[in-house]
Each structure stands twice: as structure tokens, then as C-alpha cells.
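Good morning, and thank you for coming. Please look at the sequence and the structure as I put them on the screen.

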Amino acid sequence: MVPQGPRHPSQGHAGGDGDTAALGIVIPALDEAEALPPLLRDVARLAIAHRVLVVDGGSRDGTVAAARSGGAEIMRSRCGRARQMNAGASFLGTRWLLFLHADSRLDDPALRSIATHVQGDVPMAGYFGLAIAHAHVYYRMIEAGQRIRERLAGLVYGDQGLLIRRDLFTSIGGYPDEPIMEDVIVNRRLLEVGQLVPLAGTLTTSSRRYEEEGRVRALFRNMRTIIRFLSGTQPSLLARRYRPRRAQGIGPRKAARVASSAGATLLVFAKAPRPGTVKTRLARTIGDERAAALYRRMARLIVANVRSAPARMVVCYDPPDGEGEIRNWLRPALHQCWPQGTGDLGTRMSRMVARALSNADRVVVIGTDTPAVGADTVTRAIAALDTADVVIGPARDGGYYLVGLQEPHPDLFAGIRWSTGSVLAETTKRTERLGLSVTWLEVEGDIDTADDLTPEIMGWLGSGERRTESRASPGSFS
């Protein structure tokens, strides 16, 4: 299921007042620096208020810079088109969602259709006619063939876009986490319930795959793949013969990752697990002792899960007399311990960040009630700081579960109303006032009350086993 987005205001975008935007545009991208600018210019001409979010899967070219220049917000998510689109949908709290591939173009009739459909709040989802950006007659044949497949087999592809209301998107479960065919699966689900209609206008897609692979070879590969899919072959098996496209001239990802993570420090904020002082909202339901025990298990798991992140780890503890408890509690994976010192949470975070950046080039801060955060989360945050001043992991309760910085920014933490649902909104406005560029991570939930304790969470917490990166809900700075 695709959850609602976090409670926070929109940042700048191309189409109007983000606080009143009904439409959120999600563009998954991976090495799309050349393709993105024309599409962003197209959506900037929309006549209705909207937000544009480019969800980057780890580009090694100028994708992020191109997206920022085009007025889009940036999210850094796990790679995979379905994951990227679901992550974007969760982040954007808009009533309507429009999913577009990065190498697409929208004509004027399509732009008018989008505005009309959203303003009329039509309950059905819509897609556009397909065109291919090449003059050769071969591509007119491809387009004609697609029109026939639509009529006879109900095959609608992601290249044709998807305009859908959030409640309908949620009801069908969002995009399935499949390596390919996720768009066909979603569109077939919508057709089965009579909720997908063609819209006026054309979405033009690039011919680059055909030209790079060879026209005939690409055509037969596509035909073979869809026939096998319709015959019941699992997408994971189909993906083995469907090589993902990569931009030309891009160096090895491993080298880029190592370079991005050099000199990073991970600050893990922890409180001594004393009953009555930790998870107090949860304790109102399950009692102080059980809440403290749950917190102990969560923190041990988190420290174990982030241990392999490419960063020096430091546990920042509170209260000042809690070092012995912290060391006995987290000893197996403990690197260093620093006392947080006095002041509110913002003052303490600012102090620890400044100390870390005195001998590191970037810092990431997490809490100890964030079980969804693992080494992969931290690695993505560190890498995202290559192209952003601040990285923030938004939580659904209106706070955030992670913040990353390249330089100390005390004003980012000063005067925030901590432990309220406005932390993220206030922080977002602060980044705008300070002129800081932001990259978002995926939205996560938090474990603050008994309602957050799902059977899955209780199961892995109770087992005490080391958990790898999963989708369990984290806590947050709120």
C-alpha cells in the first residue's frame, strides 16, 4: 500500500503555490541529465498548481543538477523504477499523481487534458497516446502496433504516463516491486476494475533504446518479453534478459560510491534506556519497563544495521552521566561516545554536528528509535550530499528520522518546536530561508505509540536477530 506523505509544505516548483497544489508529478530517473530539461520545461507550462519531484535512483551524471535547474524537488531513493515511483507518491501529499518517464515530452493537448482531468476531479485514471521521437517510418509502424495492442489486449505502458487520484492508486496497492512490467501490471489492474481511460493528447518518448540496441533486435526483444509475461512468466525471470539501459560514458558505480563516502561521520543519537525517560508516549499504553525494553532492542538493532555504512560511527549520548550505561548497552558495535551536552535537542544536534565536521567533510545524524534505517540508508544520504547542502529523511508524523550536512548550519536547528508535528515543516522553511539545497530520502513512519507496533515489528524485535535493510517503520526527530 502507498501511504500518505509527510506533513510538510512544498518547496519551490514550476507550477504554482505548493501548499494548494492538487497535482504531484513523479519522475523516476537514473542518469537522465540530457532527457530531463525538455520534460521539465513541458510540465512548467501546466495551467494548474503542481509539484514536480524527480526521484533519483543513484545517477552518476548531472541528473540532479538538471532537475534542480528545472525547478523540481529531489528525492534519493533505492534504485528500481517501481520503488522510485512509490517513494515519490508517498512523499507528495497531493490528491492527484502523474507518473512520467524522464525521456518523455508532453504536447499542448496533453497538458490541457491533465488540467481538465484534475480540476474536474474525475475518479478514473488516464493515460496518453504514444509517439516516438524519430522521423523514420519504422516508428510510425511501432506506434500503430501499440494502438492495436491497446484496443485488443488492453496493454498500456509506462511510456504513456499515468494520471491517477491518490485514493485509487492506494486502493490498487501502488506499483508492484518488480524489476520490469510494473507499469503493465498497474494498468491492467485499473482496466480490470474499469478505472483507466485514454486522455486527449500525446506523450512522445525517446527512440534511444531502439537506436542503441538496433531497431529490429529491440522490437523482437520487446515482443518476446510481453508474450512471455502474458503467458505467466514472472517479471523477475523476464528481467534477466532485459538489460537495463545506462547512459554512455559513465564510470563504475563502486568507485563513485567510495569517493562520495570518504571522510563521513555518522552520529547516532541515543538516550540511556531508563524506564520513564524513553518512549514515554508508548509507555502510556505498555508501561515504562516494557517501553524501555523495546527501546533497548531497537537501538541495538540500529547500531548493528548501520555498522557497515561507509562512515566513522559515533554514539552521542544523553544524559551526561549515562556513558557507562551506553557503553554496556551498545558495546558490541560501539566506535566512540560523545556526550550531547546541555540544551534542547536542536542545540545538542548543532553542537555534535559542528564537532563532527571539524575533522570530516560530511555528517549524517540518526536517532535510536529508527529501525528502518540501515547501512544502505546512510550510504544513500552520504552520496546525496554530493549534490545537496542538506539531506533529510522525512517521517510521516511531521518530523524527520535523518539529517545530513556538509557544513555546520546552527540556524537549521535553532528555535524549532521539537516534539511537535511541525518539526519538518519548520525545518523545510528554514532551509528555504537559508538558501540551502535539499535532497529528500524516502518517507518512513515512526514508532511512538502502541498503534505503531505492527506484528512484523514486534516479531523481529522479539527475536533479537540482526535485521537487514527492510521497510519497517522508523522513529524520527520530532
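This is a predicted model: local features need pLDDT of at least 70, side-chain atom pairs count only at pLDDT 80 or more; totals for chains, interfaces and linings use all residues.

Residues are numbered from 1 along each chain as its sequence is written, and side-chain values use heavy atoms, with hydrogens and water left out.

The chain holds 18 helices and 15 strands. Here helices (H or I, at least four residues) and strands (E, at least two) are DSSP runs, numbered from the N terminus. Of its 478 residues, 56% count as buried, where buried means under 20% relative accessible area, exposed over 50%, and partly exposed in between, with a 1.4 Å probe and protein chains only. The accessible surface of the chain is about 19,600 Å², and 52% of this belongs to carbon and sulfur atoms; such areas come from the Shrake-Rupley method with a 1.4 Å probe, and for residues only the protein chains shown count as cover.

Let us now consider the helix pair. Two packed helices are described by the angle between their axes and the distance between the axes. The axes of helix 5 (residues 137-153) and helix 9 (residues 215-230) come within 12 Å and cross at roughly 10 degrees. These axes are lines fitted to C-alpha atoms over the stretch in contact, and angles run from 0 to 180 degrees between N-to-C directions. Helix 5 and helix 9 are therefore roughly parallel to each other; the term covers angles under 35 degrees, with over 145 roughly antiparallel, 65 to 115 roughly perpendicular and the rest oblique. Tyr138, Tyr139 and Ile142 of helix 5 meet Arg215, Val216 and Leu219 of helix 9, contact meaning heavy atoms within 4.5 Å.

I come to the single residues. The side chain of Asp42 makes a polar contact with the side chain of Arg105 at 2.6 Å. A polar contact is a pair of N or O atoms within 3.5 Å; within protein, one must be able to donate a hydrogen and the other to accept it, and residues adjacent in sequence count only if both atoms are side-chain atoms.

Asn86 lies in helix 3 (residues 81-91). The side chain of Asn86 reaches the backbone oxygen of Tyr175 at 2.8 Å.
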